[in-house]
Amino acid sequence: MWAMKTVSISSVVHVCATVMCVLISEPLPAVAQETTAVPRVLQLAIPSPDAAGATMSDVTSATELIQLERQFLDTFTEFVPNGKTWRHHYNHNTYDSFGARTLQANREQQVYVDPGFRGTSEAPLGLNPFEVSDGKMRITGQKAPKAQAPYLDGFDYVSGMLSTQGSFEQRYGYFEANMRVPLGQGLWSAFWLKTHHGHTPKGLPAWPPEIDVMEFISKDEDMYFVTVHWDVMPNNKKSGDSVTLARPSKQFHTYGVLWLPDQTVFYLDRRPVRVIETKTNHDVPMFMVLNLALGGKWPGKVADTALPAQLEIDWVASYQVVPGQ
């Protein structure tokens, strides 16, 4: 029997099996908001491990069941930028570095901001892309305001990202987010898992591994994409596939991934849709990232007519496999 630890952080719940997940932040004296949509114990159908091959494939049969216990939940009843749970930049550079606030290799056009970000100014710019109301997080991507644009190092657009790096990470288990994605040229919504240098051999990059639970490229209106990245740069590899979904911008859907030692299964509304064998170096804890990118090599240049755009998130949760199955 694993030792269990329960912590409440504002609208966030952490219940950690200490050998499998890591809670890094200190608790705040608040009561978490529960929701029946995200039960403490969840049962999912899974395909046989024999169905998991070297490349991504459809799930044609899922007759086995797996029991999962919730480890993390944010229902966004409350939110403070740069709080205990979510950070708003990547950790491969300093807080005010532009390199920590966009993925240059993707040629994204936005810089991720939060109210404390200074850019090239000597004072915080006060840019806040996050809004919480009715129990939902809304991340807004838009043209940079004229007053702050001179301090954004030539970036014409601003948006937001949420990352649990530094607060919560987990090795294996089920991760999900209930979201509604925006539609428009150049919009790139994503929910994904990534690790950091603390879990990779010294001298090697922290990417891959990566698991893309959901990427929605607005020019592909009736589908989204799932992908795994593995191996070591510059010999890194990937395998992915599209998942048909009619007009995902019209309603909320739950996007999930069950990451096990032998197979990685992708879910849409808790129904298994794609499966692949779990890849080399996908054996270290990963944290969660949700973001709305604007423009890039994949989606093409963002259209001003598509802005402002909002990525809406109802909840984010993670589960761990109940021991003894």
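Mentor: Let's start with a term: a residue is buried when its relative accessible area is under 20%, exposed when over 50%, and partly exposed in between, using a 1.4 Å probe and protein chains only. This is a predicted model, where local features need pLDDT of at least 70, side-chain atom pairs count only at pLDDT 80 or more, and totals for chains, interfaces and linings use all residues. Residues are numbered from 1 along each chain as its sequence is written, and side-chain values use heavy atoms, leaving out hydrogens and water.

Trainee: How many aromatic pairs does the structure hold?

Mentor: A pair of aromatic rings is described by the distance of the centres and the angle of the planes. Rings of Phe, Tyr and Trp (its six-membered ring) pair if their centres lie within 6.5 Å; planes under 30 degrees apart are stacked, over 60 edge-to-face, and the rest tilted. There are 15 such pairs here. Take Y174 and Y319: their planes are at 50 degrees and their centres 6.2 Å apart, so this pair is tilted.

Trainee: Are Y174 and Y319 buried or exposed?

Mentor: Y174 is buried, at 0% relative accessible area, and Y319 is buried at 0% too.

Trainee: What kind of pair do Y224 and Y255 form?

Mentor: Theirs is edge-to-face, with 80 degrees between the planes and 4.9 Å centre to centre. Y224 is buried at 1% relative accessibility, and Y255 is buried at 1%.

Trainee: Which residues do ring pairs link into a cluster?

Mentor: Look for F72, F76, W86 and F168.
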